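This report describes selected features of one structure. The sequence and the model are shown first, and the description follows.

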Amino acid sequence: MLEVQNLSVNYRGNRALQDVSFFIPLGQLVGIIGPNGAGKSTLVEAMLNLIPATQGTVRFKGRALKNQLLKTSYVSQRSLVDWDYPITVWNVVMMAQTVQAGLFRGFNRQARHLAGAALERVGMYELRDRPIGELSGGQQQRVFLARALAKEAEFLIFDEPFTAVDRKTEDIIFEIFQELRAEGKTLMVINHDLGDSLAIYDQLLLLNKRLIAQGPRHEVVTSDNLERAYGRGLARVFA
Ligand code: ADP
Ligand code: MG
């Protein structure tokens, strides 16, 4: 069980997240939706203790998540932009394992095997020696997915992985999310789009500073809820 209780975040006095509480059974693929500025990225970053919360607790299997970050993998929205320096695809994926591999002094055979297998799985092994900055957005997103796979995390969080990627990447990500769920992993995915892509999720969290609704798609994506989250105009389009 993943438990978030009363999580709140302020940025310089401005409330970005207010009293958000929810439970998620392990092994689910959960979508987070809500308008721009709703606090979706803030929620996941506060859960991972990357930004400070003003209050709240986050537990994974009964213990504070922030003490189990080696079991987590996070692909942020910003992962895709900051690649001016020439790091190769291979090293991006190996980086995920630095901490674990450190236990064995350096990158051992197991770490290289995991990196290679993960890159094969996302169809990026052939491009492993390319600088990541030279790849398309979709290819980069697949490399970050490979890095998350190589880490063998139990709890994976992706911030808008389907934004600005090509169709092939979308299909690969979609397929791997389903495989990860079948393996019993827990996934939280911020999904900007309100369309048919929401069908893949076991349940949705609809956010606008507060948690507006949680549950299966047909209970969450209703005109009432959308109006509360997005205002009247958009609610009419999607209801
Ligand atoms: P979402 O991911 O749903 O688009 P964010 O979590 O990025 O929303 O942002 C929620 C709110 O917090 C927005 O109003 C945003 O402007 C504000 N915010 C986000 N990051 C910061 C920051 N580092 N400093 C100040 N305000 C921020
Ligand atoms: Mg965001």
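## A buried loop residue

I132 lies in the loop between helix 4 (109-121) and helix 5 (137-150); helices (H or I, at least four residues) and strands (E, at least two) are DSSP runs, numbered from the N terminus. With a relative accessibility of 0%, I132 counts as buried, a term that means under 20% relative accessible area (1.4 Å probe, protein chains only). Its C-alpha atom is separated by 6.2 Å from that of I87, 45 residues apart along the chain.

## Basis of the description

This is a predicted model, in which local features need pLDDT of at least 70 and side-chain atom pairs count only at pLDDT 80 or more, while totals for chains, interfaces and linings use all residues. Residues are numbered from 1 along each chain as its sequence is written, chains are lettered from A and ligands numbered from 1 in the order in which they are written, and side-chain values use heavy atoms, leaving out hydrogens and water.

## Helix 5

Helix 5 is mostly covered, with 12 of its 14 residues buried; among them are F144, L145 and L149. The cover includes strand 6 (72-75), helix 2 (89-95), helix 4, strand 7 (155-159) and helix 6 (167-182), where contact means heavy atoms within 4.5 Å. Just after helix 5, E152 takes a positive phi of about 50°.

An open sheet of 4 strands has the order 2-1-4-5 with antiparallel pairing; two strands pair if DSSP finds at least two bridges between them. Strand 2 (14-24) and strand 5 (63-64) each have a single partner strand, so one side of each is left without a neighbour in the sheet. Strand 1 (residues 2-11) and strand 4 (residues 55-60) pair over 5 bridges, and S8 stands opposite Q55 in strand 4.

Definitions and conventions: Buried means under 20% relative accessible area, exposed over 50%, partly exposed in between (1.4 Å probe, protein chains only).
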